[in-house]
Amino acid sequence: MSAGRDAMEGQLILRVVSKFLIPVIMLFALYVQFHGEYGPGGGFQAGVIMASALIVHMLVFGLDETRRVAPLPVLRVLSAGGALLYGAVGIVAMLFGGNFLDYGVLGPTAPTGQVIGIIVIELGVGITVASTMVLLAFLFAERVRER
Amino acid sequence: MDAHFQALIVVLPLLAAPLAALLRGRTGPWLLATLVSWAMLGLALALLLKVQAEGTLSYALGGWAAPIGIEYRLDALNAFVQVLLALVAAVVLPFMHLSAAQEIDEERLPGLYAAVLLLLAGLTGITATGDAFNVFVFLEISSLATYTLIALGQDRRALTSAFRYLIMGTIGATFFLIGVGLLYGMTGTLNMADLGERLPAVADTRTVHTAVAFLVVGVCLKLALFPLHLWLPNAYTYAPSAVSALLAATSTKVAVYVLIRFLYTVFGVEFSFGELPLTSILVVLAMLGMLIASAVAIGQQEVKRLLAYSSVAQVGYMVLGIALATTAGLTAALLHLFNHALMKSALFLALGCIAFRMGGTRVEHFKGIGRSMPWTSAAFVAGGLSLIGVPLTVGFISKWYLVLAAIGQGWWWLVVVILISSLMAVVYIWRLVEVAYFETPAERDRHHEAPLSLLLPTWLLVALNFWLGIDTRLTVGVAESAARALTGGGS
Amino acid sequence: MTSLGLYNYWIVIALMMLGLYTVISRGNLVKKLIGLGVFQTAVFFMYISMGFVKDGAAPILTEGVEVYSNPLPHVLILTAIVVGVATLALGLALVIRIKEAYGSVDDDELQAMDNAS
């Protein structure tokens with residue numbers, strides 16, 4: 001099993017601490033994600049934080065374990081889907097009679113529409129960034145193992 | 001609905017790219033990319049007609065009006081370049097199906113088409129936007145797609161040339177970013193039309209001069225002006241055949257557009273060419289490029305590299321026209337931008353046919369193809385004639401206007417340089433014609449003509465080379481009106 | 001004294017030159033990418049420090065605050081950072097494939113192998 005070689009099997013402290021930390025990191029990512037329209041934060045940052053949780057998981061428990069949690073095909077679909085979600089908001093805004101990405105038209109009043117629009121858009125960004133980052137880490141890690 | 005065309009032409013390929021990456025197999029992604037490129041051609045033509053009828057179009061992205069929001073601004077110049085981009089893409093993509101399937105592993109094909117779509121999105125984005133920072137973003141989108149496309153080449157040298165281009169391209173784009181940042185610091189705006197209005201007040205500061213220097217050097221790296229061209233020959237040589245055709249016809253041309261846009265719209269003719277010594281710098285570099293790159297092209301054994309060096313020389317003609325800073329010069333530059341894209345893509349597609357049948361594009365692969373592949377070699381010769389500038393081809397039209405512009409300035413020596421460079425083109429094209437028609441292949445010939453789906457796009461471009469070389473109303477009319485608008489009507 | 005007061009630009013220029021020099025002088029492709037990163041970061045600093053307004057607060061709407069720093073350069077640089085990350089990732093991916101194809105990541109050795117073939 002190559003998983004055993006990858007994983008830090010003997011490192012008890014690392015394993016225990018990361019088991020505690022990974023959920024907290026993920027929660028923090030969600031906070032940054034959904035707090036983005038009021039304060040510092042947003043999809044880019046949240047996506048990277050979320051990805052770092054999975055990358056820590058990969059470093060500590062091994063590539064195979066993490067790929068069971070986040071299979072490659074799912075990541076591929078997510079990374080393209082997030083970008084499409086972003087674009088879809090723009091197109092829907094066009095269908096509602098606004099310009100591309102003019103999400104003021106999405107709600108009954110312009111500010112509501114803008115809140116809806118920015119949340120969906122940031123969600124799309126977050127999904128794409130998180131899955132692309134994990135995908136990159138997987139692909140690099142795979143290459144190293146093959147040799 | 002047609003109010004949204006300006007945005008759709010960028011959004012369509014941008015959204016199709018992730019979709020293409022999700023599709024599997026060799027036909028699905030290709031079909032998507034081809035349909036998108038045809039839709040783009042329709043949009044670009046509709047926009048060109050609209051610009052000619054109504055004048056400059058403006059589209060406020062996200063409903064935020066310029067100069068605060070990002071504005072997509074379309075005048076005769078960028079509408080013209082968009083038509084060129086969409087036209088080349090719409091012809092090259094049908095060609096890419098067979099050509100890429102032979103040269104690239106099937107599992108990489110969806111990635112190839114996703115990268116092609118991103119390249120198209122980036123390039124049309126550069127031409128669509130009226131925002132200086134947006135230009136940088138789209139420049140990087142198109143560049144990243146280009147590095148990926150080059151790295152897909154069969155030869156392992158494709159990897160090193162992609163890497164070297166990545167380093168050079170990133171330095172160029174970052175220089176551009178520095179220039180934009182300095183301009184923003186001085187004026188507080190990123191909208192190009194707004195910049196053009198606010199800059200004269202602060203034009204005499206060292207900051208603005210530095211910004212001009214960074215911008216021009218950064219863009220010239222991208223358009224491969226001699227001596228910043230070193231990344232180009234390897235990149236074109238080792239990229240997959242159809243990708244070479246696409247890149248040769250589009251990416252340097254869009255960089256030329258950016259140079260025109262910044263020198264004429266943002267900095268203004270008087271500042272760029274009156275106060276700064278840009279005319280003399282650009283003319284000297286362009287002439288050196290025309291002569292040296294043509295001379296280097298003569299000695300090449302790999303035909304793709306030969307054409308790449310010839311591209312460097314041809315970029316010289318365009319920069320020459322820009323540096324003349326007259327309406328006639330700019331018209332010639334725009335015409336050559338369009339026409340050179342037509343002839344280079346025709347030549348690279350003919351090369352793609354040869355690579356498809358002969359398995360390579362070195363001079364020895366040309367032996368006897370005049371007999372075994374008559375249509376392909378005739379297409380190559382026709383493209384070559386256009387490159388030389390024989391009358392009745394588009395190459396003649398643009399060189400003719402360039403010579404007229406040079407005479408208009410009274411620069412007779414420039415005419416001599418243009419003629420010498422054209423004669424060198426005769427030498428390197430003739431060398432290939434000689435091998436193709438008068439040498440017999442070493443072994444008994446088993447090769448036959450390229451399949452129809454490769455020949456049709458090639459001959460479509462060849463036909464355009466002649467048609468637009470005889471009926472010049474369309475191209476010359478648009479180029480002239482664009483040039484007149486940019487130079488402010490006068491001179 | 002103004003030239004010292006504009007210390008942020010001195011830092012920017014120093015970093016920029018360091019980065020560019022690393023790109024040019026190092027043969028190792030990974031080190032070239034690191035140099036490229038430093039070079040780009042210098043430009044990010046230039047934008048961000050340019051957006052700072054003296055005595056300005058962070059650009060988050062707060063009651064009782066009148067002066068904010070300019071948020072636009074920050075947003076621009078956020079985009080540029082993402083572009084930089086993408087470039088770096090692509091560069092590293094290319095380095096891995098170069099290492100697999102050539103067995104080396106040294107520019108001079110690669111050049112020699114290319115010339116030999």
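How many residues of chain C are in contact with chain B, and with how many residues of chain B? The first legend answers this.

**Figure 1. The side of chain C that touches chain B in the predicted model.** Here 25 residues of chain C are in contact with 21 residues of chain B. Two residues are in contact if their C-beta atoms, placed from the backbone, lie within 7 Å. Helices H3 (29-50), H4 (72-102) and H5 (107-116) of chain C each give two or more residues to this side. H4(C) gives the most, with 13 residues. By class, the side of chain C has 18 nonpolar, four polar and three charged residues. Ala, Val, Leu, Ile, Met, Phe, Trp, Tyr, Cys and Pro count as nonpolar; Asp, Glu, Lys and Arg count as charged; the others, Gly among them, count as polar. Residues are numbered from 1 along each chain as its sequence is written, while chains are lettered from A and ligands numbered from 1 in the order in which they are written. Because the model is predicted, local features need pLDDT of at least 70 and side-chain atom pairs count only at pLDDT 80 or more, whereas totals for chains, interfaces and linings use all residues.

**Figure 2. Chain C on its own.** Chain C has five helices and zero strands. Its pattern along the sequence is α-α-α-α-α. Helices (H or I, at least four residues) and strands (E, at least two) are DSSP runs, numbered from the N terminus. The C-alpha trace spans about 70 × 35 × 15 Å along its principal axes. A compact globule of 117 residues would have a radius of gyration near 13 Å, but chain C has 20 Å. This radius is taken over C-alpha atoms, and the globule rule is 2.2 Å times the number of residues to the power 0.38. Of the 117 residues of chain C, 24% count as buried. A residue is buried if 20 or more other C-beta atoms lie within 10 Å of its own, exposed if 12 or fewer, and partly exposed in between; the C-beta atoms are placed from the backbone. Among contacts in chain C with a separation of 6 or more, 43% join residues 24 or more positions apart.

**Figure 3. Chain A and its contact with chain B.** The contact takes 14 residues from chain A and 14 residues from chain B. On the side of chain A, seven are nonpolar, five polar and two charged. Chain A has six helices and zero strands. Its C-alpha trace spans about 60 × 30 × 20 Å along the principal axes. For 147 residues, a compact globule would have a radius of gyration near 15 Å, but chain A has 18 Å. Of the 147 residues of chain A, 40% count as buried.

**Figure 4. Chain B and its largest nonpolar core.** Chain B has 20 helices and two strands. The largest nonpolar core has 272 residues. Such a core is a set of buried Ala, Val, Leu, Ile, Met, Phe, Trp, Tyr and Cys residues joined through C-beta atoms within 7 Å. B:Phe80, B:Val92 and B:Leu117 have the most contacts inside the core. Helix H14 (residues 327-358) of chain B gives the most to this core, with 22 residues. Leaving aside neighbours within four places in sequence, B:Leu117 is in contact with residues including B:Pro13, B:Ala33 and B:Val36.

**Figure 5. Helix H12 of chain B, with a buried face.** The 21 residues of H12(B) (residues 278-298) should span 30 Å at 1.5 Å a residue, and the end C-alpha atoms are 30 Å apart, which agrees. The expected span is 1.5 Å times one less than the number of residues. Buried residues in H12(B) include B:Leu282, B:Ala286, B:Met290 and B:Ala293. Seen down the axis, the buried residues of H12(B) fall within an arc of 155°, so they line one face of the helix. The arc is that of the directions from the helix axis to the C-beta atoms. On the other side of H12(B), B:Ser280 and B:Val284 are exposed. The cover over the buried residues of H12(B) includes helices H11 (269-275), H13 (303-324) and H18 (412-438) of chain B.

**Figure 6. B:Phe214 in helix H8 of chain B.** Helix H8 covers residues 206-223. B:Phe214 counts as buried because it has 21 C-beta neighbours inside 10 Å. Not counting residues up to four places away in sequence, B:Phe214 touches B:Phe175, B:Ile178 and B:Gly179. B:His229 is 15 residues from B:Phe214 along the chain, and their C-alpha atoms are separated by 17 Å.
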